[in-house]
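The following explanation is intended to be read alongside the sequence and the coordinates. Please keep both in view while following the paragraphs below.

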Amino acid sequence: MAGSIVVLTGAGISKESGIDTFRDADGVWSRVRIEDVATPSAFVRDPVKVQGFYNARRRGLLDPKIAPNAAHAALARLEAEWPGPVAIVTQNVDDLHERAGSKNLLHIHGELLKSRCFACGDVREARVDLGAESVCAKCGNDGTLRPHVVWFTEMPFFMDEAIAAVRACAIFASIGTSGAVYPAAGLVEHARAAGARTVEINLEPSEVASAFAEKRYGPAGVLVPAFVAELLGR
Ligand code: APR
């Protein structure tokens with residue numbers, strides 16, 4: 001039985017699909033401040049601004065020009081063809097892994113195409129703008145829907161599952177993430193503790209590059225298909 005593989009992905013894997021990263025020079029956080037749009041207190045202070053920010057991002061994701069790239073496709077191929085389990089732990093709120101065909105996926109920072117009602121907790125698909133006029137389909141309240149994304153100071157989702165998968169894996173690969181945000185950036189330490197092979201694939205060394213035994217630097221659309229072909233031996 002082949003060992004299991006866990007792949008941590010970040011914004012860099014979706015860059016070649018046309019979605020901006022956060023911390024690159026042209027990234028999202030160069031245009032807006034985290035504390036203005038991505039914290040619970042920002043939402044309390046100015047819900048119109050916060051909803052507007054995510055409404056624009058959601059519309060951007062739904063633009064017909066946005067599609068999975070060769071790196072997403074390669075990871076879906078890996079899951080389909082690797083003889084052992086393959087899990088993706090993604091920090092991305094886009095749905096490009098799903099669109100490429102990945103199934104075993106944990107969205108630890110939530111999903112842009114879902115809403116959550118802060119009155120009743122209902123989570124469901126939302127492909128439209130959210131705002132004060134939005135009505136929760138479950139409890140009927142209005143103005144209680146927020147994007148189902150994890151804001152700064154909030155707890156990420158599925159961390160117990162992610163850590164358990166990493167602690168059991170034989171290969172841990174991190175793709176397209178700056179390693180600036182925890183607890184995701186700390187997953188490599190669990191992989192090291194488990195004795196896994198650790199591989200960083202990114203445009204440039206991440207903030208936690210020194211924790212990885214193998215490092216490959218360049219565009220994910222080129223390096224990830226090559227890495228997957230190598231793993232599969234073809
Ligand atoms: N191929 C590979 N890597 C790339 C590419 C590319 N084509 N383009 C950019 N990168 C790399 C950058 O060099 C950078 O190190 O992707 C990384 C993206 O880093 P961030 O913008 O910090 O994105 P991420 O690590 O996913 O951010 C983590 O921060 O604000 C939050 O919640 C948000 O989930 C996000 C979290």
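Where does Leu130 lie? In this predicted model, Leu130 is found in the loop between E5 and E6. Its relative accessibility is 5%, and a residue counts as buried when that value is under 20%; Leu130 is therefore classed as buried. Once its neighbours within four places in sequence are left aside, Leu130 is in contact with Gln51, Asn55, Arg58, Ser115, Leu145, Arg146 and Pro147. A further reference point is Leu112: 18 residues separate Leu130 and Leu112 in sequence, and their C-alpha atoms are 11 Å apart in space.

The loop that holds Leu130 runs between E5 and E6, and Ser134 also lies between these strands, which span residues 123-125 for E5 and 145-149 for E6. Ser134 has a relative accessibility of 10% and so counts as buried. Its side chain reaches the backbone nitrogen of Gly131 at a distance of 2.9 Å. Beyond its neighbours within four places in sequence, Ser134 is in contact with Asp129, Asn141, Asp142, Gly143, Thr144 and Leu145.

Six strands form an open sheet in the order E3-E2-E1-E7-E8-E9, and their pairing is parallel. Strand E3, covering 105-107, and strand E9, covering 214-217, are the edge strands, each of which pairs on one side only. On average, neighbouring strands of this sheet are turned by 15° against each other, direction ignored.

Within that order, E7 stands between E1 and E8. On one side, five bridges join E7 (residues 171-175) to E1 (residues 5-9), and the two strands run parallel. Val7 has Ala173 in E7 as its bridge partner, while Leu8 stands opposite Ser174.

Why is E7 described as largely enclosed by the rest of the structure? The reason is that five of the five residues of E7 are buried. In a regular strand, the side chains alternate between the two faces of the sheet. In E7, Ile171, Ala173 and Ile175 point one way, whereas Phe172 and Ser174 point the other way, and all are buried.

Helix H9, formed by residues 220-232, lies across E1, E7, E8 and E9. Its direction is at about 155° to that of strand E8, which comprises residues 197-202.

The remaining topic is the ligand. It is surrounded by 23 residues, of which the closest are Phe22, Arg23, Trp29, Thr177 and Ser178. Several pairs of polar atoms can be located in the model. A backbone N or O atom of Arg23 lies 2.7 Å from an oxygen atom of the ligand. An N or O atom in the side chain of Trp29 is 2.8 Å from an oxygen atom of the ligand. For Glu204, a polar side-chain atom lies 3.2 Å from an oxygen atom of the ligand. On its own, the ligand has 740 Å² of accessible area, and the protein covers 95% of this.

Note on methods: Residues are numbered from 1 along each chain as its sequence is written. This is a predicted model: local features need pLDDT of at least 70, side-chain atom pairs count only at pLDDT 80 or more; totals for chains, interfaces and linings use all residues. Side-chain values use heavy atoms; hydrogens and water are left out. Two strands pair if DSSP finds at least two bridges between them. Helices (H or I, at least four residues) and strands (E, at least two) are DSSP runs, numbered from the N terminus. Axes are lines fitted to C-alpha atoms, for helices over the stretch in contact, and angles run from 0 to 180 degrees between N-to-C directions. Contact means heavy atoms within 4.5 Å. A residue is near a molecule or strand if one of its heavy atoms lies within 4 Å of it. A polar contact is a pair of N or O atoms within 3.5 Å; within protein, one must be able to donate a hydrogen and the other to accept it, and residues adjacent in sequence count only if both atoms are side-chain atoms. Accessible areas come from the Shrake-Rupley method with a 1.4 Å probe; for residues, only the protein chains shown count as cover. Buried means under 20% relative accessible area, exposed over 50%, partly exposed in between (1.4 Å probe, protein chains only).
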